[in-house]
Amino acid sequence: MKLSTLYAATLVATAIFGANAAYAQNASALAKSMQDAYKNVTSYSQKTSASGKISVGAKSQVSGMTAEVRYKKPNMAYIVVSSPLTGTLAAFNTGTGLTVYRSKQNLVNKYPAGDSLKSVVGNLAQFGVVASLDPLYMLEGNTLDPFVASWSTKGTAMINGVKCTVLVGSMKAVALQKAKSGTVTFWIDPAFMAHKVVIEWKGNKIMARPQPTAKNPNPKVQELFFDRSVTETVQEFKVNPNIPEGEFSYPIPKDAREQPTAAPKKK
């Protein structure tokens with residue numbers, strides 16, 4: 001290789017490396033701006049639809065749900081999650097006490113108010129409701145750093161008529177949940193609010209026994225690999241809206257029974 005050619009190649013390589021470094025830095029800055037945007041709100045409301053998907057080979061199973069969230073600092077919250085499988089779970093905290101109602105069981109649980117949104121959500125985990133790398137998770141004041149190793153952007157896309165930047169995070173091992181790889185993808189508008197989130201885990205391994213057949217009535221336990229994903233689309237949201245106190249309540253049937261409640265989680 002001639003010296004001039006080597007010099008030119010070095011310049012090109014340097015330019016590419018510098019561009020890639022700046023690209024990664026910009027993606028990381030975008031991720032931080034998104035997290036700060038949620039952390040700094042004083043009130044917030046959103047309506048979302050979500051679906052979970054499990055795929056094994058060519059077969060897949062999908063489940064769906066809807067959710068509505070209202071929040072006002074420091075601890076006023078309204079979280080209603082509904083699905084055909086589990087019914088409706090409604091949790092609301094007026095700042096003086098947290099009430100949780102489950103329609104399928106027609107049961108009510110009551111807790112002290114707690115001092116933050118995180119304390120409200122913490123008490124819902126026992127009912128299968130968690131905030132996981134989504135807007136609610138960031139509203140709690142959590143950061144994505146413990147679970148995301150690196151960030152990149154993948155162009156733009158339209159979500160419900162809004163042009164969004166596609167931000168992809170590669171998961172750290174602690175977030176993989178026994179999967180081989182995982183990503184979390186956000187579609188973020190110019191104000192750094194997320195309009196869609198997709199969390200994917202690839203290559204999850206389980207030990208399972210196949211269904212018996214006439215040819216093989218006693219199949220052996222074997223390794224199976226499956227992919228899993230959760231997609232959450234924010235249908236509408238408002239940042240720092242004026243939310244009347246009366247909107248932090250849910251109509252509970254008069255025949256609902258109150259269940260003795262364990263000590264609340266403190267966060």
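Let me begin with a term: in what follows, Ala, Val, Leu, Ile, Met, Phe, Trp, Tyr, Cys and Pro count as nonpolar, Asp, Glu, Lys and Arg as charged, and the others, Gly among them, as polar. The model under discussion is a predicted one.

I turn to the overall fold. The protein has three helices and 12 strands. Of its 267 residues, 40% count as buried. Among contacts between residues at least 6 apart in sequence, 54% join residues at least 24 apart. The protein exposes about 15,300 Å², and carbon and sulfur atoms supply 57% of that area.

Next, the pockets. Rolling a probe the size of a water molecule over the atoms shows where empty space is left. The largest pocket holds about 1,100 Å³ of space. Its lining comprises 42 residues, and Met-65, Val-81, Gly-128, Val-129 and Val-130 lie nearest the centre. Which strands contribute at least two residues each to this lining? They include β1 (43-56), β2 (59-72), β3 (76-83) and β4 (87-93), together with β10 (194-208) and β11 (222-239). By class, the lining of the largest pocket has 20 nonpolar, 16 polar and six charged residues.

The second largest pocket contains about 310 Å³ of space. Here 19 residues form the lining, with Val-130, Ala-131, Ser-132, Tyr-137 and Phe-147 nearest the centre. Helix α2 (residues 117-122) gives the most to this lining, namely three residues. In the terms with which I opened, the lining of the second largest pocket has 12 nonpolar, four polar and three charged residues.

How values were computed. Residues are numbered from 1 along each chain as its sequence is written. This is a predicted model: local features need pLDDT of at least 70, side-chain atom pairs count only at pLDDT 80 or more; totals for chains, interfaces and linings use all residues. Side-chain values use heavy atoms; hydrogens and water are left out. Helices (H or I, at least four residues) and strands (E, at least two) are DSSP runs, numbered from the N terminus. Buried means under 20% relative accessible area, exposed over 50%, partly exposed in between (1.4 Å probe, protein chains only). Contact means heavy atoms within 4.5 Å. Accessible areas come from the Shrake-Rupley method with a 1.4 Å probe; for residues, only the protein chains shown count as cover. On a 1 Å grid over the protein atoms alone, a cavity is a set of points where a 1.4 Å probe fits but cannot get out, and a pocket is an open set with protein on both sides within 12 Å along at least five of seven lines; lining residues have an atom within 4 Å of a point. Grid points are joined across faces, edges and corners, and a volume is the space filled by probe spheres set on the points.
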